[in-house]
Protein chains: 4
Amino acid sequence: MPSEFSITRQVEFAETDLAGIMHFTHFYRWMEVCEHAFLRSLGLSVDLTTGDQRIGWPRVKTSCRFKRPLRFEEEVEVRLIVTEIRDRSIAYAFQFWKTEDGKRVKAAVGETVAACVSFDADTHAMTPVPIPEVFRSKMEEASSAQGEG
Amino acid sequence: MPSEFSITRQVEFAETDLAGIMHFTHFYRWMEVCEHAFLRSLGLSVDLTTGDQRIGWPRVKTSCRFKRPLRFEEEVEVRLIVTEIRDRSIAYAFQFWKTEDGKRVKAAVGETVAACVSFDADTHAMTPVPIPEVFRSKMEEASSAQGEG
Amino acid sequence: MPSEFSITRQVEFAETDLAGIMHFTHFYRWMEVCEHAFLRSLGLSVDLTTGDQRIGWPRVKTSCRFKRPLRFEEEVEVRLIVTEIRDRSIAYAFQFWKTEDGKRVKAAVGETVAACVSFDADTHAMTPVPIPEVFRSKMEEASSAQGEG
Amino acid sequence: MPSEFSITRQVEFAETDLAGIMHFTHFYRWMEVCEHAFLRSLGLSVDLTTGDQRIGWPRVKTSCRFKRPLRFEEEVEVRLIVTEIRDRSIAYAFQFWKTEDGKRVKAAVGETVAACVSFDADTHAMTPVPIPEVFRSKMEEASSAQGEG
């Protein structure tokens, strides 16, 4: 397990706006893409059926601070850190890194708090549930590996 | 029932790209928004449970010809015409109209063919089904009213 | 000038995800749409050339707390409150309201801090500038009217 | 130069809709992403300044036929074929391939016709221009290599 999880993406044309930079909403989409890739790296999925429960992770809170604009075709690294594992929710911090004039600079920092819920297949109703053991054990392992990094 | 169905929308900032115009994918989203508003105008919904069937309308084919760019905050009329009602699918034509130098000009024309399917609630599997009578009668009524317009 | 600014929107099909609810990124898009509609209500635009300056408002920080999911075709009111007008930035708070079992409930609350910048037309480079007087006077007027509401 | 150009992508959560499948508009976004990756593979960019001209490629026409739904986390190959190089435009065909029950199946086929235009930096106005030699020679080379494949 690596002590840090990250993905690298390139800004797409459809993600830019008339100001010539990546529209801020896509930072949030990228955070989620990184979170799901992190779960896959643990052998999990954000859309997982465990026992007779279909588990989901709706967002409770998200935020982002934007420091540098991202431009079309720029390569960006999104880093994920597990910051807290609670009974029924998990908190992640994210950093966006790019290269500017040969130096690595932080373009943005964000956070996500996601609740663990069980879905009703027919109604799509969501009920908060304790994080299933299959998630908790792997997340804690990844988290402690990050702490040692 | 009006002989023609249309909605009016304004180009949003997040819909523009670095070329300063609405990204072409949003023309397709707008067509779908217009189609769903048309269904609501008939007292229907694109996500409808009738009897014990949950009906959906996945796209079989879509296309669009782009004649004029749309810019931020421009007001655009999207017109829908029902072009064909088949046993298990329906075809719509769309026109995008805006005002340029005081004249109405066509910015784009598109088409959508949507299949009628029944959803399995658990697996989300889709099975093609004949268009339910509740849809067919209202669509035909709207369509013939359009033809007379 | 009303003491409070708001818009009403309906959740679109393309805004939902496989969990059957509006994807959280669209709350942020809606906040921006509401902000731009607010500026238009003051006779301004988020993309404004004043004197020889092209002014823009990139986001410095955004956040959102999600309390209730929004579902396809639900009608939602987005309310905007000007919370602070600084020298080179402005802060807005947002509330998302919907009707559930006949009662008005808050589905989400958000905030945006937007910086005032001047764009270079050729390079798209952004330089922070004091909020132009044409913006400041109208925003302060709207803000004080809100305070009295 | 490979005789065929393709990229592989995984369906993201934000790309799904309440029917549990990738929303059709994203097929069009993926076609564009594939087209831009193809241009980069030739040492070009869709946003290129050549001499004193800033060149762009707005869409003239796009279309797509949808054969199989794409689901969350499915891996999909998008293949691009240059179908025609005209004086002021280029036509591409696209195929979407995935694996179903161990077999490769075509999920969708699409096409794009893109016009070559020159941008005015200040007004963003677009004027159709002949495809610059730097594009034409590399595209023709790639196209003939595809034909031999």
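**Exercise 1. How much area is buried between chain D and chain A, and what share of that area do carbon and sulfur atoms give?**

Conventions come before the solution. The model is predicted, so local features need pLDDT of at least 70 and side-chain atom pairs count only at pLDDT 80 or more, while totals for chains, interfaces and linings use all residues. Residues are numbered from 1 along each chain as its sequence is written, chains are lettered from A and ligands numbered from 1 in the order in which they are written, and side-chain values use heavy atoms, with hydrogens and water left out.

Solution. 

Step 1. Buried area is the accessible area (1.4 Å probe) that two parts lose on being put together, summed over both.

Step 2. For chain D and chain A this area is about 1,400 Å². Carbon and sulfur atoms give 50% of it.

Step 3. Count the residues in contact (heavy atoms within 4.5 Å). Chain D contributes 17 residues and chain A contributes 17 residues.

Step 4. Find the main contributors. Of the area that chain D buries against chain A, 30% comes from D:E12, D:R40 and D:E73, more than from any other three residues.

**Exercise 2. List the polar links between chain D and chain A, and state which elements of chain D take part in the contact.**

Solution. 

Step 1. Apply the salt-bridge rule: a side-chain nitrogen of Lys or Arg within 4 Å of a carboxyl oxygen of Asp or Glu. Between chain D and chain A the count is 6 salt bridges.

Step 2. Take one example. D:R40 and A:E73 form a salt bridge through their side chains, with an N to O distance of 2.7 Å.

Step 3. Count polar contacts (pairs of N or O atoms within 3.5 Å; within protein, one must be able to donate a hydrogen and the other to accept it, and residues adjacent in sequence count only if both atoms are side-chain atoms). There are 10 residue pairs in polar contact between chain D and chain A, both residues at pLDDT 80 or more.

Step 4. Assign elements, where helices (H or I, at least four residues) and strands (E, at least two) are DSSP runs numbered from the N terminus. On the side of chain D that touches chain A, β1 (5–10) and α1 (25–41) each supply at least two residues. The most come from α1(D), with 5 residues.

**Exercise 3. How many salt bridges are found over all chains, and what do individual pairs link?**

Solution. 

Step 1. The whole structure holds 64 salt bridges over all chains.

Step 2. One of them joins C:R29 to B:E12, with the closest N and O atoms 3.0 Å apart. The pair crosses between chains, from helix α1 (residues 25–41) of chain C to the loop between β1 (5–10) and α1 (25–41) of chain B. C:R29 and B:E12 are both buried (buried is under 20% relative accessible area, exposed over 50%, partly exposed in between; 1.4 Å probe, protein chains only).

Step 3. Within chain B, B:E100 and B:R68 meet at 2.5 Å, N to O. B:E100 lies in strand β6 (residues 89–100) and B:R68 in the loop between β4 (59–66) and β5 (75–85), 32 residues apart. B:E100 is partly exposed at 23% relative accessibility, and B:R68 is partly exposed at 34%.

Step 4. Within chain C, the closest N and O atoms of C:K61 and C:E111 are 3.1 Å apart in a salt bridge. C:K61 is in strand β4 (residues 59–66) and C:E111 in strand β7 (residues 103–115), 50 residues apart.
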